[in-house]
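Hello,

Here is the structure I promised to send over. Have a look at it first, and my notes follow below.

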Amino acid sequence: MPTSNQDHWTSAKYQSAASFVPQLTTTVLSYLDIRPTDRILDIGCGDGQLTSKIAQAAPEGQVLGLDASHSFIATANQSHSSPNCSYRLQDCTALSASSSDAVGEGSWDKVFSNAALHWILRPPGTRTNVFHEIHRALRPGGFFVFEMGGKGNVAEIHAAFTAALLHAGGLSIQEAREACPWFFPSVEWMRKTLEGAGFELVKCESEYRPTKLNPETADGSGGIEGWLRLMGARFLEAVDGGKREGVLKEVCDVLESVITREEDGSRWIGYVRLRAVARKK
């Protein structure tokens, strides 16, 4: 999850806004092909729900989950740790930047990441380093398997937020663009970057996967509002506090007819998933 001075993430908020994310992992987990003795490093593990399932499939191995959110790591350690599964607070843009360097060099059979790299890769200056450090962490012949947002992911939300920051927030177009918390690369960009970091590409693909939002909730933590408040927090932080609710309302109003299905009133957003399997030579 993103590195920020403010930790927006809690397991409860994530469950209300986007509980479907760890559930829609059948394909990427099949690519991970977990073996009982695997040592697996999970980059951006969130609250540990998916990480613990991975650990259950590798009872003779070891799984370490890393995330930059204090809240997520606290929940993971409390609710999802086990003898072969642990968690650590870590800025995943700089995996080796710690006194203990618990990640290590050549220590892992597999490095895994689900729905986290589009946050981690947001700062342009550290993107290349992330891939080199993942390569460093793997043993020779080890695999890097991940799923993240790809080019065009939640494009309707990205466009609506940018426009609302211009109109209701009073920002310049450059300021509105800089407020985006995500980086959604193309298959071609990812292929070149992985190969440039020394990986042999096994698979790299993009899938358009419209996804049904969680139901609305009375406290605003579910539905489209909850999703925008949590996932789009950085957009809202780009404007003064007094303007944030106006920006949020404009985004919701613009999206209303775009994401609502006429047959039943359900709300769907246009997820695009980028998945890859890369081998350390």
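**What I found**

Helices here are DSSP runs of H or I with at least four residues, strands are runs of E with at least two, and both are numbered from the N terminus.

A word on the source: this is a predicted model, where local features need pLDDT of at least 70, side-chain atom pairs count only at pLDDT 80 or more, and totals for chains, interfaces and linings use all residues. Residues are numbered from 1 along each chain as its sequence is written, and side-chain values use heavy atoms, with hydrogens and water left out.

Back to α10, which spans residues 187-196: Met190, Thr193 and Leu194 are its buried residues. Seen down the axis, they fall within an arc of 95 degrees, so they line one face of the helix (the arc is that of the directions from the helix axis to the C-beta atoms). They pack against α7, β5, β6 and β7, with contact meaning heavy atoms within 4.5 Å. After α10 comes glycine 198, with a positive phi near 100 degrees.

Threonine 93 sits in the loop between β3 and β4, and counts as buried at 12% relative accessibility. Leaving out residues up to four places away in sequence, threonine 93 touches Ile120, Thr126, Asn129 and Val130.

Happy browsing!

Definitions and conventions
Buried < 20%, exposed > 50% of the residue type's maximum accessible area, 1.4 Å probe, protein only.
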